[in-house]
Amino acid sequence: MNKIQYLETIKAVDAKLFHLAYHQKRLEKTVGHSGIILQDILHPPASGFFRCRVVYDGEEYSITYHQYKKKSIQTLKLVFDNEIEYCKKYYDRSKIEKLLEKKSFCDDILIVKNSLITDTSIANIAFKYKDEWITPKNPLLQGTTRARLLESGKIREDDISVEDLNHFEQVALMNAMIDFDIIPNENIRDIIC
């Protein structure tokens, strides 16, 4: 593979693949066609919790399976970058990795672009206000779990500024592996560092 490479990360538990239609849709949107059919090429191990990693360029692909162990994320460091772009799930994450170097003692970063909250380094994010969950209207990446939860009405989109963070009650991270994972801390000031 010597073209631009992309990545899909798919959850598999005991050989069952989760939300495959959302991954297929993003793959097709990324490369502009349906030459790779995930359901036909994925064969995860029969038992255990795995991260199926598909690296592809539209024509060629490679697949690896990795046992999954969830990272504990309790704190997020605000980092600012008005130039960062990650509108497709690129295999090359060097710009995000560079920002991750700024996390200091925190578990992960919360990326701010043009004064608005976007994503963490590994997940889309949502904030609870009263009885609803709000996710940034312009994330760096339109995640598959985010798309599914927007479709179901569990979350809604809005612009979220750094100043808005003080108004929220809880934080949740979302991606294909952790689904919708609420950080168990009622005080948002203890999460954002």
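Predicted model: local features only at pLDDT ≥ 70, side-chain atom pairs only at ≥ 80, totals over all residues.
Leaving aside neighbours within four places in sequence, Val54 is in contact (heavy atoms within 4.5 Å) with Tyr6, Leu7, Glu8, Ile10, Leu38, Leu42, Tyr61, Ser62 and Ile63. Val54 sits in strand S3, residues 49-56; strands here are DSSP runs of E with at least two residues, helices are runs of H or I with at least four, and both are numbered from the N terminus. With a relative accessibility of 0%, Val54 counts as buried, where buried means under 20% relative accessible area, exposed means over 50%, and partly exposed falls in between (1.4 Å probe, protein chains only).

Residues are numbered from 1 along each chain as its sequence is written, and side-chain values use heavy atoms, with hydrogens and water left out.

Moving on to the sheet, 3 strands line up in the order S5-S6-S7 as an open sheet with mixed pairing; two strands pair if DSSP finds at least two bridges between them. Strands S5 (76-80) and S7 (116-120) stand at the edges with a single partner strand each, so one side of each has no neighbour in the sheet. From one strand to the next, the twist averages 35 degrees (axes are lines fitted to C-alpha atoms, for helices over the stretch in contact, and angles run from 0 to 180 degrees between N-to-C directions). S5 and S6 (residues 108-113) pair in the parallel sense over 5 bridges, and Val79 has Ile111 as its bridge partner in S6.

As for charged pairs, the structure holds 10 salt bridges, each being a side-chain nitrogen of Lys or Arg within 4 Å of a carboxyl oxygen of Asp or Glu. One of them joins Lys113 to Glu85, with the closest N and O atoms 2.8 Å apart. That pair links distant parts of the chain, 28 residues apart: Lys113 is in strand S6, and Glu85 is in the loop between S5 and helix H3 (94-100). Lys113 counts as buried, at 16% relative accessibility.

Asp179 and Arg148 form another salt bridge, with their closest N and O atoms 2.3 Å apart. Asp179 belongs to strand S12 (residues 179-182) and Arg148 to helix H4 (residues 144-152), so the pair ties together parts 31 residues apart in sequence. Asp179 is partly exposed at 28%, whereas Arg148 is buried at 15%.
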